[in-house]
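Thank you all for coming; I would like to walk you slowly through one protein chain, beginning with the whole and then moving to some of its parts. Please keep the sequence and the picture in view while I talk.

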Amino acid sequence: MIGEKIDKTKLNIPASKELLAVFDYILHTPQIVLAIAGESGSGKTYLAAALQLALEEKGKKSLILHMDDFFHLPPAQNHQQRLMDIRNVGPQEVNFKRLNEIIRSFKEGVHTISVPQVHYYENTIAEITLSLIDIDVLIIEGTYAFYLDNTDFHIYMSRNYKETRELRQIRNRGDEVNDPFIEDVLKLEHELITAKKSKANAWIDFNHNLRYHV
């Protein structure tokens, strides 16, 4: 998503390196797809960027797709739909058909894909073409990433919307700060996300540590 900046000093490189060491099959599985799910402000985008760097150190090239780019409507219109009826909040807001087609294309060895790209502040969605040549790992991060089909490894960001309130205020998205309706949205998203958390192979806890079942 254009308009969202990443502070590279806050990337969780240690957890990313540990994850690749514990689950080393990620490095040896062709066309593997990683899904990172979690609530707003939980660190999905930052972990995706950290994993990309850790993979690069291992000689693996990755591509990150942000689920925010795959919402059917641009941000302002999507927010209006939510205001009309909060039941519009949920996985149905995302173009899963297109994302699942991209996953299938990646696994079939297609060389290029066309993807949407949201410009948050301009409230627009453009189309861009990305190369999949030499891409070993596809990383998809987003609120409902565990609702995707044919993903191979799942990472859950365990911090919830109450624990991330301060982080969201620092990020200062106009429609997320001190708005009771947004709190209701985040509560609903929390329920939808936690319903799928058992799918996780590993998770990042409140203190940014990697956790996994042994």
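**The chain as a whole**

Of the 214 residues in the chain, 46% count as buried, where buried means under 20% relative accessible area, exposed means over 50%, and partly exposed is in between, using a 1.4 Å probe and protein chains only. Please bear in mind that this is a predicted model, in which local features need pLDDT of at least 70 and side-chain atom pairs count only at pLDDT 80 or more, while totals for chains, interfaces and linings use all residues. Residues are numbered from 1 along each chain as its sequence is written, and side-chain values use heavy atoms, with hydrogens and water left out.

The secondary structure comes to six helices and eight strands, and along the sequence they follow the pattern α-β-α-β-α-α-β-β-β-β-α-α-β-β. Helices (H or I, at least four residues) and strands (E, at least two) are DSSP runs, numbered from the N terminus.

What radius of gyration would a compact globule with 214 residues have? It would be near 17 Å, and the chain has 17 Å, which agrees; the radius is taken over C-alpha atoms, and the globule rule is 2.2 Å times the number of residues to the power 0.38. Along its principal axes, the C-alpha trace spans about 45 × 35 × 30 Å.

Contacts, meaning heavy atoms within 4.5 Å, also tell us about the fold. Among the contacts with a separation of 6 or more, 75% are accounted for by residues 24 or more positions apart.

**Aromatic pairs**

Rings of Phe, Tyr and Trp (its six-membered ring) pair if their centres lie within 6.5 Å, and planes under 30 degrees apart count as stacked, over 60 as edge-to-face and the rest as tilted. By this rule there are seven aromatic pairs. One of them joins Phe23 and Phe153, edge-to-face, at 4.8 Å centre to centre with 65° between the planes. Phe23 lies in the loop between helix 1 (13-22) and strand 1 (32-38), and Phe153 lies in strand 6 (residues 153-157), so the pair ties together parts that are 130 residues apart in sequence. Phe23 is buried, with a relative accessible area of 12%, and Phe153 is buried too, at 0%. Together with Tyr25 and Tyr212, Phe23 and Phe153 form one aromatic cluster.

Ala15 has its place in helix 1 and counts as buried, at 5% relative accessibility. Which residues does Ala15 touch, not counting those up to four places away in sequence? They are Ile204, His208 and Leu210. The C-alpha atoms of Ala15 and Trp203, which are 188 residues apart along the chain, are separated by 9.9 Å.

Ser105, in helix 4 (residues 96-107), also counts as buried, at 19% relative accessibility. With residues up to four places away again left out, Ser105 touches Val110 and Ile113.

**Helix 6**

Finally, helix 6 (residues 180-194) has 15 residues and reaches 21 Å from its first C-alpha to its last, close to the 21 Å expected at 1.5 Å a residue; the expected span is 1.5 Å times one less than the number of residues. Asp179 caps the N-terminal end of helix 6, with a side-chain oxygen 2.9 Å from the backbone nitrogen of Phe181. Phe181 is itself buried, as are Ile182, Glu183, Val185, Leu186, Glu189 and Ile193 in helix 6. In general, an α-helix has 3.6 residues a turn, so residues three or four places apart point the same way.

Key: A polar contact is a pair of N or O atoms within 3.5 Å; within protein, one must be able to donate a hydrogen and the other to accept it, and residues adjacent in sequence count only if both atoms are side-chain atoms.
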